Amino acid sequence: RSRAVPAVRSLPAGAFVERLMHPLERQRGTGAVLRELVANVAECWGKIQPPDLAGFGVTKADRLRAGTDHPLRKIADRAATISGVAEFDLYLHRARGAGRGVGVEATEPYSVLVPADLVHVSEREQMFVFGRLFAGIVARTFVVERGTPRETEILLAYGYVNFASKA
């Protein structure tokens with residue numbers, strides 16, 4: 001029997017954090033340790049891997065600030081509210097090539113980068129893209145989504161040496 005999925009518009013602010021992240025935080029075991037390790041590394045990620053807005057072909061002047069009357073900014077704001085992300089900068093890029101689809105850069109606040117062509121897909125698909133990006137911010141997994149498996153291994157080793165081993 002299928003369960004009804006609530007309409008995105010009906011989800012309250014912070015629903016993602018309340019319904020998904022809080023139960024994960026209460027879990028113990030290897031998954032909880034890895035989540036904590038990644039969260040600790042995410043705190044200093046901007047120093048380990050400096051933000052690369054130029055790699056997407058954008059500058060600070062290209063950002064769509066909160067309150068901007070752009071359809072993607074409105075969708076992104078709604079997805080951020082549901083996800084519990086209070087503040088972010090949104091950039092629409094036209095970069096082509098490997099690894100230049102969507103991304104999160106560790107700026108203050110976080111920079112969310114999406115292709116300008118995203119405006120041409122359905123609202124449901126747009127919400128999915130933004131929801132995935134904001135989930136990565138909330139769970140701090142955006143740091144491991146950027147690199148190769150080897151880079152992720154090095155990142156987790158760095159986190160272990162600098163955080164877990166000192167606990």
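**Burial and overall layout**

I started with burial: 36% of the 167 residues in the protein chain are buried. Buried here means under 20% relative accessible area, exposed means over 50%, and partly exposed is in between (1.4 Å probe, protein chains only). I noted that this is a predicted model, where local features need pLDDT of at least 70, side-chain atom pairs count only at pLDDT 80 or more, and totals for chains, interfaces and linings use all residues. Residues are numbered from 1 along each chain as its sequence is written, and side-chain values use heavy atoms, with hydrogens and water left out.

Next I looked up the elements and found seven helices and three strands in the protein chain. Helices (H or I, at least four residues) and strands (E, at least two) are DSSP runs, numbered from the N terminus. Read from the N terminus on, the order is α-α-α-α-β-β-β-α-α-α.

I also checked contacts, meaning heavy atoms within 4.5 Å. Among the contacts in the protein chain with a separation of 6 or more, 64% come from residues 24 or more positions apart.

**The cores**

Which residues touch the most other members of the largest nonpolar core? I wrote down Phe88, Leu90, Val112, Val114, Phe130 and Phe134, out of 30 residues in that core. A nonpolar core is a set of buried Ala, Val, Leu, Ile, Met, Phe, Trp, Tyr and Cys residues joined through side-chain atoms within 4.5 Å. Two or more residues of this core come from each of α2 (30-43), α4 (71-83), β3 (111-115), α5 (123-139) and α6 (142-145). The most come from α5, which gives seven residues. There is also a second, separate core of five residues, including Phe56, Val58, Tyr91 and Leu113.

**Strands β1 and β3**

I moved on to β1 (residues 89-93), where four of the five residues are buried, so the strand is largely enclosed by the rest of the structure. β1 pairs with β3 in the parallel sense, over five bridges; strands count as paired if DSSP finds at least two bridges between them. Asp89 has Ser111 in β3 as its bridge partner.

I tested the length of α4: its 13 residues at 1.5 Å a residue should span 18 Å, and the end C-alpha atoms are 18 Å apart, which agrees. The expected span is 1.5 Å times one less than the number of residues. I listed the buried residues of α4 as Leu72, Arg73, Ile75, Ala76, Ala79, Ala80, Ile82 and Ser83. Just after α4, Gly84 has a positive phi of about 85°.

In the loop between α3 (45-48) and α4 I found His70. Leaving aside neighbours within four places in sequence, His70 is in contact with Leu64 and Leu92.

**Aromatic pairs**

I counted three aromatic pairs in the structure. Rings of Phe, Tyr and Trp (its six-membered ring) pair if their centres lie within 6.5 Å; planes under 30 degrees apart count as stacked, over 60 as edge-to-face and the rest as tilted.

Phe88 and Phe134 make an edge-to-face pair, 4.9 Å centre to centre and with 65° between the planes. Phe88 sits in the loop between α4 and β1 and Phe134 in helix α5, 46 residues apart, and the pair links these distant parts of the chain. Phe88 is buried at 4% relative accessible area, and Phe134 is buried at 0%.

Tyr110 and Phe142 have ring centres 5.2 Å apart and planes at 70°, so I logged this pair as edge-to-face too. Ring pairs also link Phe88, Phe130 and Phe134 into a cluster.

Arg73 lies over the face of Phe88, 4.1 Å from the ring centre. A charge sits over a ring if NZ of Lys or CZ of Arg is within 6 Å of the ring centre and within 35 degrees of the ring normal.

The peptide bond from Glu108 to Pro109 is cis, with omega near -5°, and Pro109 is in the loop between β2 (103-105) and β3. Arg140, in the loop between α5 and α6, has a positive phi near 65° though it is a residue other than glycine. With a relative accessible area of 22%, Arg140 is partly exposed.
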